[in-house]
Amino acid sequence: LNKEYSHGIKGFPFLISLTIFKCHRLRNVFSCSVVRNLEHLQVLEIRLCDKMEEIVATLAIAMKKGGEEEEQANDEIIVFPQLKTLKLVMLLNLKSFCSSRSKAEKEAGEVNLHILPLQPLFNHKVTFPALESLKITRLEHIREIWDNQLVFPAPKEEKEEESFSQLRYLIVTKCDKLVNVVPANILTRLQNLEALDVKECKSVLS
């Protein structure tokens with residue numbers, strides 16, 4: 001992949017496992033439309049991608065009259081319905097798994113790095129109803145793992161589809177800006193958590 005904004009995956013509906021390693025020009029992996037075709041994906045591992053800013057691109061490319069391309073915000077909820085294992089390792093420029101910011105906010109943040117606060121790794125725009133194992137290592141821009149909007153309980157009939165409700169193993173290593181690993185208000189989501197391993201995270205308070 002030679003283009004910095006290229007999406008690595010175009011669509012593999014029967015893909016079960018995906019590993020991305022040392023793709024240093026890649027800024028994101030999936031578009032929202034591609035995620036819809038990953039219904040069977042169970043394992044996702046991304047390592048050592050220096051320019052990776054988000055895993056799912058939330059700004060979609062639309063064609064204007066005259067053939068020009070234009071980036072537009074995509075507000076749909078992104079679901080990884082069968083993903084069981086997620087590993088994010090040494091993604092030194094990762095801002096969020098899926099940004100919740102508008103195009104204008106992103107552009108303002110690029111001009112002035114201090115104008116916007118750091119985003120949580122996961123927000124309300126992406127869900128993982130089947131995720132059992134999460135490993136994150138050396139994510140240097142991540143201060144929080146969970147968005148506050150994740151703490152609101154789902155309706156009773158949707159409990160089985162609640163994001164992170166099946167999480168059993170959480171491993172966090174060398175995320176120096178991370179402050180909270182499992183804040184109290186996310187505990188209701190993590191009823192199935194069996195193992196929590198936190199190592200060498202200098203700023204962690206809870």
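Strands β8 and β11 run parallel and are joined by 5 bridges; two strands count as paired if DSSP finds at least two bridges between them. One such link has K87 with K135 as its bridge partner in β11. The model is a predicted one, in which local features need pLDDT of at least 70 and side-chain atom pairs count only at pLDDT 80 or more, while totals for chains, interfaces and linings use all residues. Residues are numbered from 1 along each chain as its sequence is written, and side-chain values use heavy atoms, with hydrogens and water left out.

With that starting point in place, the wider setting can be described. The protein contains 2 helices and 13 strands; helices (H or I, at least four residues) and strands (E, at least two) are DSSP runs, numbered from the N terminus. On its other pairing, β8 meets β3 in the parallel sense over 5 bridges, and here I46 has L88 in β8 as its bridge partner. Why is β8 largely enclosed by the rest of the structure? The reason is that 4 of its 5 residues are buried, where buried means under 20% relative accessible area, exposed means over 50%, and partly exposed lies in between (1.4 Å probe, protein chains only).

These pairings belong to an open sheet of 6 strands, in the order β1-β3-β8-β11-β12-β13, with parallel pairing. At its edges stand β1 (17–21) and β13 (195–199), each with a single partner strand, so one side of each is left without a neighbour in the sheet. At the β13 end, β12 (residues 169–173) runs parallel to β13 and is joined to it by 5 bridges, with I171 standing opposite D197.

A second open sheet has 3 strands in the order β2-β4-β9, again with parallel pairing. Its edges are β2 (30–31) and β9 (96–98); each has a single partner strand, so one side of each has no neighbour in the sheet. Strand β2 pairs with β4 (residues 54–57) in the parallel sense over 2 bridges, and S31 has A57 as its bridge partner in β4.

Attention can now turn to the packing of side chains. The largest nonpolar core has 47 residues, of which F30, I55, F80, L88 and F97 touch the most other members. A nonpolar core is a set of buried Ala, Val, Leu, Ile, Met, Phe, Trp, Tyr and Cys residues joined through side-chain atoms within 4.5 Å. Elements giving two or more residues to this core include β1, β3 (43–47), β4, β8 (85–89) and β9, while α1 gives the most, with 3 residues. In soluble globular proteins, nonpolar side chains tend to be buried together.

Two residues show such surroundings in detail. Leaving aside neighbours within four places in sequence, F80 is in contact (heavy atoms within 4.5 Å) with residues including F30, L41, F97 and F128. T137, which lies in strand β11 (residues 133–137), counts as buried because its relative accessibility is 12%. With the neighbours within four places again set aside, T137 is in contact with L88, V89, M90, L91, T173 and C175.

For the protein as a whole, 43% of the 206 residues are buried. Among contacts between residues at least 6 apart in sequence, 76% join residues at least 24 apart. The accessible surface comes to about 11400 Å², of which 52% belongs to carbon and sulfur atoms; accessible areas come from the Shrake-Rupley method with a 1.4 Å probe, and for residues only the protein chains shown count as cover.
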